[in-house]
Amino acid sequence: MTRPHMLIVAASLALATTAFAAPATPAGALAASNPFAQPSTLPFQYPAFDKIKDSHFRPAYEAGMRAQLGEIDTIANNAEAPSFENTVVAMERSGQLLTRVATTFSALQGANTNPVLDAIDSAMSPKLAAHNDAIFLNAKLYQRVKALYDKRAELGLDAESAYLLERYHKDFVRAGAKLSTADKDKLKKFNGEIASLQTKFTQNVLAEINASALVVNTRAELDGMSDAQISAAAEAATKRHLKGKFLVALVNTSGQPPLAQLTNRAVRERLMAASLARGSHGGKFDNRQVVIKLARLRAERAALLGYPTYADYALEDQTAKTTGVVNTLLAELAKPAVNNARKEADDIQKVIDAEKGGFKVGAADWAMYSDKVRAERFNFDEKQLKPYFELDNVLVNGVFFAAGKLYGLTFKERKDLPVYNPDVRVFDVFDADGKQLAIFLADMYARSNKQGGAWMNAYVSQSGLMDTHPVIANHLNIPKPPAGEPTLLTVDEVKTAFHEFGHALHGMFSNVKYPRFSGTSVPSDFVEYPSQVNEMWMIDPEVLANYAKHYKTGEAMPKELLGKFIEAKKFNQGFLTTEYLAASLVDQRWHQLSAAQVPTDVLGFEANALKEAGVDFAPVPPRYRTTYFSHSFSGGYSAGYYSYLWSEKLDADTVEWFKENGGLLRKNGDHFRNTLLSRGGTVDALDLFRNFRGRDPKIEPLLNRRGLTVH
């Protein structure tokens, strides 16, 4: 996942982690002692984490907003006739102080928050929404942009500049620039309320993850988990003043990793129930009313802007374009996915019956018993792989190695730059010609004050106009083992490491002029595509041989085990596709409602939506239920969770291209980099794919990958 780019400034701080850093701007009343008053003097404007205090953020935000509004006022009231330079380029240069504070705050609030930062987040979100409105609803500013847009063919602009003008005009219109004064006032009210609710939803999700952690009284109840995991559970309980007990932390997906290990079914069911109930069982972190208000406000806002539903508004600016296209894609795959899942459930039930389990397979049982089916069918257990996936080997000898072979990159760890947490690692990244390309931060471990999931963000984004270079971070949520124990990854965690570094490459390879187009500033249904492509290298024979080594002996993974692993990759695809489709369908159903259609029964609506779509299969719950569906209700992927599948269609077709052209070769990497990764948002997204592939994408590679056939 990548945090969505801000246009000028994000309306939701919790998601504003890919903004643009740039040289100094007037800091207004901001004290010179505030670290944000001027650009960081560290390499590539790397944030001075050792100097930044919580107390610096609010005054920097307020000064940054004042400074940018002053800049915007100057642009809008310029007595000279509008030109591309004095209007569009001037807007691109504005807001540099605000950008500095927003990028750093948003990253820290996601990765290392505390009550002070949460309070700032809550206070600033509506103010930032109002700030955005003050820019995009500025009638004089819009008229200058419109005047340029209307005569764009006469301006003699280069391709990137022409596309920037087109995008700005579209951004203003979609933001409500054509509305009457009265409707603009309504829109401002909606935007402020939506921003506040999105922040509340995000904070509730994190708080509920912590509050819903499973607590057990005895070590025996955790039978099946490793000694290191049980020790970590005891340590976690002690930290919460539950000495003598054991605490199993939750992740934000419906499925929980320990479900594959816990032999005690009652404990599994407690863990699954706690996961599924999050945000919907009363208490101060209940998100049901937040969801209802958000869905209604988003629908009202869309109607004000002239769209039937919020989904129609959101999808217009994506590569899919319409709700019809998305609905067709999801519906085409729902039936074969669920059919496959039911077959997989039958296979699981046979194992349960053979063991005289005496129960029907449920959601709490799937992970454990599907592993048993896999072991029986392929004589293979995923647990056999873990000793070969030690974190440092995966990162340095796997992820970095693949980037070196494909793109000529080299990495050098440095210890002299400050970090916000001792577990964060920092690397200089050098291009094939030896010139430094970027700085990369790796924040791999889970923390109680860190949002769930995995994501990439840019502290500084590349821009030729601003002469800035990328400072990019990846964040994962790998459980940290007790001191002295190795960090051994699951297959999914290895995949996530490669995936997120695909986003990082997209940011680091950016070679654009304007900040608006930097790095991952592409539609959300395209942004996951390059990162999904990067996953292919985790099982490339040359890459695997370099990193998949036993953490004790250093011996390479046996070829027989590797072969079984690759052979088993299509296994459980019915489950994986169904849980994803279920979440995607729920996301669309919520956002394809008019305001009058928004229900008052959140869980009832969700259940009906799954039933109507034919994906209401109890052993396979949605990957995210409504009340903890951060992708959908925190603002980043609202009406856009289908994006992963849409992007995977492009990804699967691209993987075929790499295979057809010899795989892990520099010429292939250079072609992908030059035609697509380096171009950011400077070209229509599907045109970028066509430039790379030479044709439109085909769906057959995706169906083959997932073992699905469309009926």
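Modeller: Let us start with strand β4, which pairs with strand β5 (residues 436–445) in the antiparallel sense over six bridges. Strands here are DSSP runs of E with at least two residues, helices are runs of H or I with at least four, and both are numbered from the N terminus; two strands count as paired if DSSP finds at least two bridges between them. The model is a predicted one, in which local features need pLDDT of at least 70 and side-chain atom pairs count only at pLDDT 80 or more, while totals for chains, interfaces and linings use all residues. Residues are numbered from 1 along each chain as its sequence is written, and side-chain values use heavy atoms, with hydrogens and water left out.

In general, strands of a sheet pair through backbone hydrogen bonds, either parallel or antiparallel.

These strands belong to an open sheet of five, in the order β3-β4-β5-β7-β6, with mixed pairing. Its edge strands are β3 and β6 (455–460), each of which pairs on one side only. Direction ignored, neighbouring strands of the sheet are turned by 25 degrees against each other on average, where axes are lines fitted to C-alpha atoms, for helices over the stretch in contact, and angles run from 0 to 180 degrees between N-to-C directions.

Across β3, β4, β5, β6 and β7 (471–478) lies helix α15 (residues 491–508), running at about 165 degrees to β7; contact means heavy atoms within 4.5 Å.

From this helix we can follow the chain to some aromatic rings. Rings of Phe, Tyr and Trp (its six-membered ring) pair if their centres lie within 6.5 Å, and planes under 30 degrees apart count as stacked, over 60 as edge-to-face and the rest as tilted. By this rule the model has 44 aromatic pairs. One of them joins Phe84 and Tyr514, edge-to-face, with 6.1 Å from centre to centre and 80 degrees between the planes. Tyr514 is in the loop between α15 and α16 (524–534) and Phe84 in helix α2 (residues 84–93), so the pair ties together parts that are 430 residues apart in sequence. Both Phe84 and Tyr514 are buried, a word that stands for under 20% relative accessible area, with exposed meaning over 50% and partly exposed in between (1.4 Å probe, protein chains only).

A second pair, Phe526 and Tyr529, has ring centres 5.2 Å apart and planes at 70 degrees, so this pair is edge-to-face. Both residues lie in helix α16, three residues apart, which is about one turn of the helix. Phe526 counts as buried because its relative accessibility is 0%, and Tyr529 is buried too, with a relative accessible area of 0%. Phe526 and Tyr529 are members of one aromatic cluster, whose other members are Trp537, Trp657, Phe658, Phe672, Phe689 and Phe692.
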